[in-house]
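Here is a brief report on selected local features of one model. Please read it alongside the sequence and the structure.

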Amino acid sequence: MSIASALSRLPAPRTENAVDPDDEGGWARWLQDHLDPAWRPAEWRPDCWLFTGSVQEPRSSVSLCRTAVCDTVVSPANIFCPFCKEGQKKSPLPAAEFARTFVPVRNRVAFGGVPEQCSFTKDGQRCVRPRHCKELCATHYTQWKTHTTRKAAGRWEDTAVPYDGTPVCPALACPLPGLYGRGLCRHHAQRFREHRRIHPDADVALWAAQQPPYLAPHQFSLLPLPEPLRWEVLYGLQQVDPWLRIFEPPQVRRMVRDLAGTSTLIGDITDQQMCPRSTVAVLRMLGRLRTAVRAGHAQYTGTAPAQDDVLDLRALGQRSRTPAGIRQPKTVDLRTIQQPWLRALLRTWTIQQRPGADEFARTLRGVELASRALAQRPATDDPAGLRYDDVTAVVDAFRTALKLDGEPAGWNYRMSIASHFFALIDYGRRSGTAADTLSAAFVRDPANHRIPEEETNEDEIGKAIPEPVIRQLDAHLHLLGHGRARGQRTLAPDDLQLMYRTLYILLRDAGRRPLEICSLPRDCLETRNDQICLVWNNHKARRHRRRLPITTPTAQAIRTWKERREQLQTSLPPTGADYLFPALTHLATRPYLPTNYLGETLRDWADSIPHLHSEGTDTHGNPLPFDRSLIYAYAFRHSYAQRHADAGTPLDVLRELMDHKSVSTTQRYYTVSLKRKRDAVTKLAAHVVDNHGRPSPSSETVYELRSVAVPYGGCTEPSNVKAAGGSCPIRFQCAGCGFYRPDPSYLPAIEQHINELRADRETALAMDAAEFVITALTAQISAFEQVTDRMQRRLAALPSAERQEIEEASTVLRKARAGRTHTLLPLTPLSRTDPV
């Protein structure tokens, strides 16, 4: 939509006493004058107000029967026509296989089809009327049936004559032949009989002229509505059509039926009172139409707010991500902003910059908070009189901002609305909109006007979904995509399930952010040297075409969905042709699948799983339920990183996998909460040994404060502890040191070091090294083996439950040590000049 057309659709300026509100003829003429002649969502028949939608239109809620050889139009609630539905009930085949192989045998012609001709022929002339029964038209079938029932003499064919024409039903544009009583079609003949019960003297010609034609599921007619209600409904449909995700002719047809006793949509009664028999979908459409018609009537009567007071966000091109596809709210009343200069600046910025829905919402929230804060200070209506203290008051309002629901706002939200507000002020100065009037003192001070960041509670750092819970999710993968999954009105159930299953596998196995998964390019797989890589875009850091090694099963899941996606391309919006998961509707704000679709579907899936158990048990030994609110799309990225951290992946390798620019960001995934670390230290402090493998338990405080971690254990030598592990004279020969204090958490590191020592000994033997070198290496191997053997025997003697606790505590401490930044035991020892 162009800027000119958008501005033209903004509410007109207020006018006083423009027209007479009671003039229905003037109101109808205004509606006719404001109808868009270029609006062609489907074909219109003006003579009978008939709307005929295309069943191939992606936005239509009607379609064709899915049977391969059937082209019958069906309503939104059905995937098969009545004939095919009966066959599907009797068939043992799945729906997809049935739709591919079933051939329906019909006993009548579907709507819009060409009926077969009557078989009666006489004197070389064949009857042209459509076949009804016994291969005869309705008239000839009635003649045959009467002759046979009465057992009349002779043949019925002797008195019958073939017809050379088919009468037309007198109802306007009715496609059915008028072969029944009073020249009506079968549909209208039945309705006229019902009408005659109430009006015995009704004239068939006058009655038929007011009747809509026989309608297919993709048609509706406004003819039953009185004037000017027809024009109001037509005007309302034109106004709301660009913002509807799917246009639903069946719902309009039901709404027209329920509005039969109504004269206008502008009344004060509620939608439920206007259409008491309507469904929720019909009432929702009626509410949208009444909103548009009331806005038009306000313009007609001159009571609409001035253009400066109200912004029509739909006319400015803003669309929401709601299922209905309508921007909420549709209009914004700027009169809540008390300062005229701030109101004018926001209006100008919105019209000229065309911000997105999210950006506009944050800016509007910031302006509202700033206006409220400035209203409590004197002389803030004049932008030239603003002072430094006014900026401080505005920032204080941002610091204590609440969400729209009244809950305390997070730091990110408060920072966002503050940034958007001051970006609006900077725009006013740069664009010249407020350059001459806005005070130069109204500027944010980077030092004093800051919103302090809230410290993160270290006990709540871990957001990863535990691996046992992920295994339970994998076991219920068949439920994903069912129930309340988003996209049901666009994709078939099997296709929807396949798409969300592929999304879940990518979240679980690739560890990318939800936006990065949803926006994967169509050609996201790349093979180099037999290694399959996922090509993705890091939107957060603006680094595109990144590559991530993935496993063969993950790549196969992508290929399976991609093959099916190629077959669905014709039914999807063309804007998403370059994406693996394209947008499903033409109203989507982005060309790929919205992340909220993925998030909401995952939450509904997690809620549908009967049981999800946590890792712990209660006092009776029963598994504890897992908090399902912790299952969300971004949590799988934490799980991916935690999985690698627990497996001992080096820090620099995990940084590359996560595509972090700074290693400090990756270290957060190695961080263990303080509570878990304290529990692990408590368990392992009692299992500390010395360099001979003899028990040397210590308290938790001594373990933390007097021990320093070295590669293969702990060290209690005072000078080395003071130097944080940087003052050891014998370097890496811990097994021969009396201050060496390992515990079971160091077993993997010690075993790895033993293997390295053995490799070094073999290398020394091959080099014909001196005997003391071989002896030293052998002594170190024996000393370390003595430590590991005794620790393993002690662990084996423990009960299985206690041994499992020790293993879990060891994993926690190994992960905590993996995230440390300091270098342990440098090759060159530092000077020991400091007193002990």
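## Helix packing

Helices α12 and α15 are roughly perpendicular to each other, a term for angles of 65 to 115 degrees. In this predicted model, local features need pLDDT of at least 70, side-chain atom pairs count only at pLDDT 80 or more, and totals for chains, interfaces and linings use all residues. Residues are numbered from 1 along each chain as its sequence is written, and side-chain values use heavy atoms, with hydrogens and water left out.

The angle between α12 (residues 340-353) and α15 (residues 411-431) is about 85°, and their axes are 10 Å apart. Axes are lines fitted to C-alpha atoms, for helices over the stretch in contact, and angles run from 0 to 180 degrees between N-to-C directions. Helices (H or I, at least four residues) and strands (E, at least two) are DSSP runs, numbered from the N terminus.

From α12, the contact (heavy atoms within 4.5 Å) takes W341, L342, L345, L346, T348, W349, Q352 and Q353. From α15 come F421, L424, I425, Y427 and G428. By class, nine residues of this contact are nonpolar, four are polar and none is charged. Ala, Val, Leu, Ile, Met, Phe, Trp, Tyr, Cys and Pro count as nonpolar, Asp, Glu, Lys and Arg as charged, and the others, Gly among them, as polar.

## Hairpin

Strands β10 (residues 525-528) and β11 (residues 531-538) run antiparallel, joined by four bridges. Two strands pair if DSSP finds at least two bridges between them. T527 has I532 of β11 as its bridge partner. Two residues lie between the strands of this hairpin, and N529 takes a positive phi near 55°.

## Loops and backbone

The loop between β6 (125-126) and α5 (138-150) holds K134. E135 is in the loop between β6 and α5 as well. Each has a positive phi in a residue other than glycine.

| Residue | Phi | Relative accessible area |
|---|---|---|
| K134 | near 55° | 56%, exposed |
| E135 | near 65° | 46%, partly exposed |

Buried means under 20% relative accessible area, exposed over 50%, and partly exposed in between (1.4 Å probe, protein chains only).

The peptide bond from E227 to P228 is cis, with omega near -5°. P228 sits in the loop between β7 (219-221) and α8 (229-240).

## Cysteines

How many disulfides are there? The count is zero, where a disulfide is a pair of cysteine sulfur atoms within 2.5 Å. C133 is partly exposed at 28% relative accessibility. C533 is buried at 10%.

Technical notes
Parallel < 35°, antiparallel > 145°, perpendicular 65-115°, else oblique.
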